[in-house]
Amino acid sequence: MKPPYPYADAPRLPEGDRVDVSKLVSGRSYELEVGPGRGGFLLERAAAVPDAALIGLEIRKKWATLVDRRLDKAGYRLRARVFAEDAKLALPRLAPDGVFSRAFLHFPDPWWKKRHEKRLVMGDAFLAEVARLLARGGELFLQSDVEERVAEYEAHVAMSPAFAPAGDAPGSPRIADNPYVARSPRERRAIADGLPIFRLRYTRT
Ligand SMILES: C[S@@+](CC[C@H](N)C(=O)[O-])C[C@H]1O[C@@H](n2cnc3c(N)ncnc32)[C@H](O)[C@@H]1O
């Protein structure tokens, strides 16, 4: 007999079309990470910003479960959680509009084939949901070691009037370093391997 899947009880968002973020975690400001993977960014961010409340949406049940447990063990349960959710389905359910101060997308979308296009997280629907969920002046931060992808993201976000570039130089979203005192696992690996990382930052207009 097949053993039971060990992550069948992965943490999920409450059911319903409107999930109030402030009922999931509490803090002075709310931050969102899509696709936290092994979760290092959320743990480090929770330690670095003690009054931030953090939500991670991770499609892989295993990583959502393990990272959510690690956050709990580190004492952050009331203000940092990861839910096993497909961000494409979960983001439209989050409320209220303007709840988040920051949204992070670190090293997303490692798919290149045309037939995998539908898996891509970053796109019009993602940007529309992030625009809805970010407070005015809130920040969107994207980074990857894949230069062409970041160039595509940059061109894509440039078409949205909801976001203004907020990089190192006026009028550009390019930012040399990650200013959030927390790094994602892929970011740490890229740094260790000496790979360049391409980063973009925007504010919600
Ligand atoms: C390349 S990994 C990067 C992980 C982490 N952000 C980092 O920088 O180390 C991409 C992550 O996004 C997750 N992911 C992909 N599609 C997703 C979706 N639709 N909703 C939520 N998470 C997703 C994957 O499971 C994986 O953990």
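Predicted model: local features only at pLDDT ≥ 70, side-chain atom pairs only at ≥ 80, totals over all residues.

**Aromatic pairs and the ligand shell**

Let me start with Y5, which is partly exposed at a relative accessible area of 47%, where partly exposed is the range between buried, under 20% relative accessible area, and exposed, over 50%, computed with a 1.4 Å probe and protein chains only. Y7, by contrast, counts as buried, with 16% relative accessibility.

Residues are numbered from 1 along each chain as its sequence is written, and side-chain values use heavy atoms, with hydrogens and water left out.

A search of the whole structure finds six aromatic pairs, meaning rings of Phe, Tyr and Trp (its six-membered ring) whose centres lie within 6.5 Å, with planes under 30 degrees apart called stacked, over 60 edge-to-face, and the rest tilted. One of them joins Y5 and Y7, edge-to-face, at 5.9 Å centre to centre and with 80 degrees between the planes.

What are the centre distance and plane angle for F141 and Y180? Their centres are 5.1 Å apart and their planes stand at 70 degrees, so this pair is edge-to-face as well. F141 sits in strand β7 (residues 134–144) and Y180 in the loop between β8 (163–165) and α6, so the pair ties together parts that are 39 residues apart in sequence; helices (H or I, at least four residues) and strands (E, at least two) are DSSP runs, numbered from the N terminus. F141 is buried at 0% relative accessibility, and Y180 is buried too, at 3%. Both belong to a cluster of F41, F104, F141 and Y180 that ring pairs link together.

Now to the ligand, which is surrounded by 19 residues, the closest being G35, E58, D86, S184 and R186, where a residue counts if one of its heavy atoms lies within 4 Å. A polar side-chain atom of E58 is 2.5 Å from a ligand oxygen atom, and one of D86 is 2.8 Å from a ligand nitrogen atom. For G35, a polar backbone atom lies 2.7 Å from a nitrogen atom of the ligand. On its own the ligand has 590 Å² of accessible area, of which the protein covers 89%. The elements giving two or more residues to this shell are β3 (52–58) and α6 (185–192).

Note on methods
Polar contact = N/O pair within 3.5 Å; in protein donor to acceptor, adjacent residues only side chain to side chain. Areas by Shrake-Rupley, 256 points an atom, 1.4 Å probe, with all protein chains shown as cover.
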